[in-house]
Amino acid sequence: LKIALIGNSHLAAIKTGWPAETPHEVTFFGSPGGSMRSLKSDGDAIFSPDERTAHFMALSSNGKTRIVPSEYDYVFLVGNGTGPQRFMGIRRSHRTFENNLSSLPLVSQALWREALKARMSKGYLHGMIKLIRDHSDVPILIIPDPMPSEQIVNCLDEGYLWRGEIGVTSAKQAREWLESFRGQRIDVSFQPSETLAAPHLTKSIFSEGSMRFEIDQAHSENEYFHMNAAFGEIVAKAAIALAELRAPAFAP
Amino acid sequence: MNPYKGLPEHNWWRHAVEGRSRNDLIGLYRKRFPVLRDDKIATAGSCFAQHITKRLRANGFNVLDVEPPPPGISEQIAQKFGYRIYSARYGNIYTARHLAQLAREAFKKFTPVDAVWERDGVYFDAMRPTAEPEGLSCPGEVLAMRAEHIRRVAAMLRKASLVVFTFGLTEAWRHKQSGTVYPMAPGVTAGEYDSAKHEFVNFTAQQVYDDFCDFRSIVKRRNPQCKFLVSVSPVPLIATASDQHILAATMQSKATLRTAARMLYETFTDIDYFPSYELISSPYFPSAFESDMRSVSDEGVNSAMAMFFSEHGGKDASKKAAAATVCDEKLIEAFT
């Protein structure tokens, strides 16, 4: 299979852990943060008019700044703001009663749940899928953001979110939201269970030594959201297996 | 000589009302002072005040929102949780006593008694029992949320240049010993009614007047420039706890509130009266109500607000936020 992987900083773990023995031809297109939101159509290709994003795409793909979806047998969309924390958007403006360390305005658990739901219809994954579909009917596999490291529960400012109901609910809602993309030659490769410490947390061994996307440097110790090459390998293998399984059915 | 001779047109029913279109009720409302776009407006009151709030916001008036909802949630969900209905998340304030009590609480002169109500293992703020429809996990959470709310109400009263208040009811329920007045009877949505602890009260015009004077003086002490715009809700009572027929109780209540409002207008030059009640409730405007003869029709609200904007400027009296009004009173019917 000829596979394009398009993603944000979470692509780094998959790239560094990509299993060498796979027979598939693979190209990585990545740029950190939400910069892939800038992707646009141009003729038969997708590109970013943003110089920094184009620079990172070229860096990750050995020089390519244009993605031509019809050239690939499969597109993997990696990360792209699909983790449970995206459903916790209000954590920076509000808090629940459980968090008595912050002076942010209080909201009830019930309202928090409503705010999480409201986040589902937003984000740039929809836009990326639409862009690809404008060019090609290529099968798409979504590889969501990893769950944060289990160490996050000890984090002073955000730990409370992951210790209680909010973390579990957010992960559940993220999963439900991602499930809704299934069909129309789109599938989701959820995080393999062997990497999970809980449904909403990744085993901490997989976040140790995770590399930053933009520079050849490890993330700081208290960075809980990015994973290492060992994690990337497990996730990549699971995704490849799913793609190989689906490919015949998805064949034109 | 006849004392009516020479009186202006608006003093005569035949000239000023009969046959007049609703855009042509000259002189029914003559502003006492202008309401400006850059006024910091705080709104509160009974259900009808929600219409005023929405129309003011939609027409670019600066209605304060000291308790905004979390970003990204819809207007409908925000309103379900008591946000964006008024300038703070206090829900409907039907009586002048409740308004004065809230201001006292904001400036630490009052603490409500029996302020946390329970229902099926979850807890509610007795002073705004519908703000959290699913209730809260423990009394401590209710009190923490209330403390935060009260801080914001205090900030709002300190910075408002105009308080818009709609008088809704004279009937209320209160805690006998402390005098704490509740917006809804205990036991309707939560809590438990206990005749040894709670009593029914039907305020007189003098009491309504005194309560609003109390509120005014609390605000003026911290915010001397603040002005007030009052109105009487045209919405009839949904139920009465008095021994009168509901129609008689409604008329008495509205007459009482209207009297108090007039007394306030005559006493204080910083209080204006907006006659939406007169426009909507008189025989002049039979289509101002929906078929239940209680809910004010869009036509009724639009006409009232057109009258307001004709004096204060405003593009479109029919412009409003999409969400419906939140009328806690209806819960009395639903839970009884």
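**Close-up views of a predicted model**

**View 1. Three strands of chain B form an open sheet in which the pairing is antiparallel.** In this predicted model, the strands of the sheet follow one another in the order S6-S5-S7. Strand S6 (181–182) and strand S7 (198–202) of chain B are the edge strands, and each of them pairs on one side only. Strand S5, which covers residues 171–175 of chain B, pairs with S7(B) in the antiparallel sense, and five bridges join the two.

**View 2. Helix H2 and helix H9 of chain B pack against each other at an angle of about 55°.** Two packed helices are described by the angle between their axes and the distance between the axes. Here H2 takes in residues 47–58 and H9 takes in residues 298–312, and their axes lie 11 Å apart. Sorted by class, the contact of H2(B) with H9(B) holds eight nonpolar, two polar and two charged residues.

**View 3. Helix H3 and helix H6 of chain A pack at an angle of about 25°.** H3 runs through residues 109–119 and H6 through residues 165–179, with the axes of the two helices 11 Å apart. Since angles under 35 degrees count as roughly parallel, H3(A) and H6(A) are roughly parallel to each other. Their crossing, that of H3(A) and H6(A), is right-handed. From H3(A), the contact draws on A:Gln109, A:Trp112, A:Arg113, A:Leu116 and A:Lys117, while H6(A) contributes A:Glu165, A:Ile166, A:Thr169, A:Ser170 and A:Gln173. Among the residues in this contact of H3(A) with H6(A), three are nonpolar, four are polar and three are charged.

**View 4. Chain A as a whole contains seven helices and 10 strands.** The radius of gyration of chain A is 18 Å, close to the 18 Å that the globule rule gives for 252 residues, so chain A is as compact as a globular protein of that length. Along its principal axes, the C-alpha trace of chain A spans about 55 × 35 × 35 Å.

Note on methods:
Residues numbered from 1 in each chain as written. Chains lettered and ligands numbered in written order. Predicted model: local features only at pLDDT ≥ 70, side-chain atom pairs only at ≥ 80, totals over all residues. Heavy atoms only, no water. Axes fitted to C-alpha atoms, helices over the stretch in contact; angles between N-to-C directions. Helix = DSSP H or I, 4+ residues; strand = E, 2+ residues; numbered from the N terminus. Parallel < 35°, antiparallel > 145°, perpendicular 65-115°, else oblique. Left-handed = near helix turned anticlockwise from the far one by under 90°. Contact = heavy atoms within 4.5 Å. Nonpolar A, V, L, I, M, F, W, Y, C, P; charged D, E, K, R; others polar. Pairing = 2+ DSSP bridges. Rg over C-alpha atoms; globule rule 2.2 N^0.38 Å.
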